[in-house]
Amino acid sequence: MDMLRVSHVSKSFGSHVVLDDLNFAVKEHTIYGFIGQNGAGKTTTMKMILGLLKIDQGEIEVNGQKVTYGQNKTNQFIGYLPDVPEFYGYMTPMEYLKLCGEISGMSSLDIQKKASELLELVGLKETHTRIQGFSRGMKQRLGIAQALLNSPRLLICDEPTSALDPVGRKEILDILLSIKNQTTVIFSTHILSDVERICDEIALLHHGKIAMEGKLEDLKKLQRSNGFEIECYNLQDADYLANQIAGSQRLSSTKLYYPQKTKEEMTQTMLFIVNHQMTIQKIEMCEPTLENVFMEVIEK
Ligand SMILES: Nc1ncnc2c1ncn2[C@@H]1O[C@H](COP(=O)(O)OP(=O)(O)OP(=O)(O)O)[C@@H](O)[C@H]1O
């Protein structure tokens, strides 16, 4: 079942077309990576899913129900983590979650149970300090707990890891992975390695449309070729190869990279090396990465 369906959605600000007949769907219990350059329209899309921004054309459905601008009916299914969540700094995490639960009309018994479950999940159960003393990572973890308080079927995270250090990012990614069986997650980011680590499906928003969508392995297969790398034993050999075989980039004094070359071209290079009785340390095809696939689409 599709938890989210975005159908033929267009959005302009004045004469600036941001989304142009955008279509995509997110299946239940997937972690969907929504990637795109700065200004591609990721936040605009998320705001429209939340009914916070008017759609010019098209339709969005959450859990089979149509999203209507300015109404919050479909938001009962959604948890939202903004890129920089705001809190009342003078509260402890438990006090804050209790307040959120009360505002959303949960019973005090439910609040107590759910809040302590969620604080455990995000590693803040034993934290009794006030939020104003929290690191960015702790705030982001509390933001996830808050977004999950009403047991949403869809969790929308807008750049949840962008401002965090590697440890903080890993903590957030681990939390998102651990809730996959309970909820569907859509998360936007620039950090492609985060997407590679946890996403089941990836969509690249470019020029107002989904330029590429699918599972990571399938997207990597779309790439023409990622080239190969040669590591020589010394500078002289690397210089010689760079002169004799055109198209290299220098990665270090002894390392050459030949971008977008095929396996056949690597074989020819190996023959050249053997015929010239050279010894090298290493030659290998480079693994396609999401970053290369992304760049190929963007640069088209
Ligand atoms: N309220 C608005 N009025 C005018 N233009 C806007 C408005 N909101 C967004 N835009 C423009 O729409 C485009 C898409 O913005 P959006 O914030 O959705 O991009 P994004 O993909 O989330 O980018 P980033 O990764 O930088 O956050 C940008 O060019 C932005 O300047």
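Modeller: Gladly. Two strands pair if DSSP finds at least two bridges between them. In this structure, four strands form an open sheet in the order β2-β1-β4-β5, and the pairing is antiparallel. At the edges lie β2 (16-27) and β5 (65-66), each of which pairs on one side only.

Modeller: Before we go on, a word on the source: this is a predicted model, where local features need pLDDT of at least 70 and side-chain atom pairs count only at pLDDT 80 or more, while totals for chains, interfaces and linings use all residues. Residues are numbered from 1 along each chain as its sequence is written.

Colleague: How many bridges join β1 to β2?

Modeller: Eight bridges join them, and the two strands run antiparallel. Asp-2 stands opposite Lys-27 in β2. The hairpin of β1 and β2 has two residues between the strands, and Gly-14 takes a positive phi near 60° there.

Colleague: What joins β1 to β4?

Modeller: Strand β1 (residues 2-13) and strand β4 (residues 57-62) are joined by five bridges and run antiparallel. Val-6 stands opposite Ile-60 in β4. In general, side chains in a regular strand alternate between the two faces of the sheet.

Colleague: Which residues are around the ligand?

Modeller: A residue counts as near a molecule if its C-beta atom, placed from the backbone, lies within 6 Å of it. Around the ligand you find Phe-13, Val-18, Gly-36, Asn-38, Gly-39, Ala-40, Gly-41, Lys-42, Thr-43 and Thr-44. Helix α1 (residues 42-49) gives the most to this shell, with three residues. By class, the shell has three nonpolar, six polar and one charged residues. Here Ala, Val, Leu, Ile, Met, Phe, Trp, Tyr, Cys and Pro count as nonpolar, Asp, Glu, Lys and Arg as charged, and the others, Gly among them, as polar.

Colleague: Now the helices. At what angle do α2 and α4 pack?

Modeller: Two packed helices are described by the angle between their axes and the distance between the axes. Axes are lines fitted to C-alpha atoms, for helices over the stretch in contact, with angles from 0 to 180 degrees between N-to-C directions. Helix α2 (residues 93-103) and helix α4 (residues 136-147) pack at about 30°, with their axes 10 Å apart. Therefore α2 and α4 are roughly parallel to each other; angles under 35 degrees count as roughly parallel, over 145 as roughly antiparallel, 65 to 115 as roughly perpendicular and the rest as oblique. Pro-93, Tyr-96, Leu-97 and Cys-100 in α2 meet Leu-142, Ala-145 and Gln-146 in α4, where contact requires C-beta atoms, placed from the backbone, within 7 Å. By class, this contact has six nonpolar, one polar and no charged residues.

Colleague: Are α2 and α3 parallel or oblique?

Modeller: α2 and helix α3 (residues 108-121) pack at an angle of about 135°, their axes 10 Å apart, and are therefore oblique to each other. Their contact has seven nonpolar, one polar and three charged residues.

Colleague: And how do α4 and α5 cross?

Modeller: The axes of α4 and helix α5 (residues 166-178) come within 9 Å and cross at roughly 15°. These two helices are therefore roughly parallel to each other. The contact of α4 with α5 has three nonpolar, three polar and three charged residues.

Terms used. Contact = placed C-beta atoms within 7 Å.
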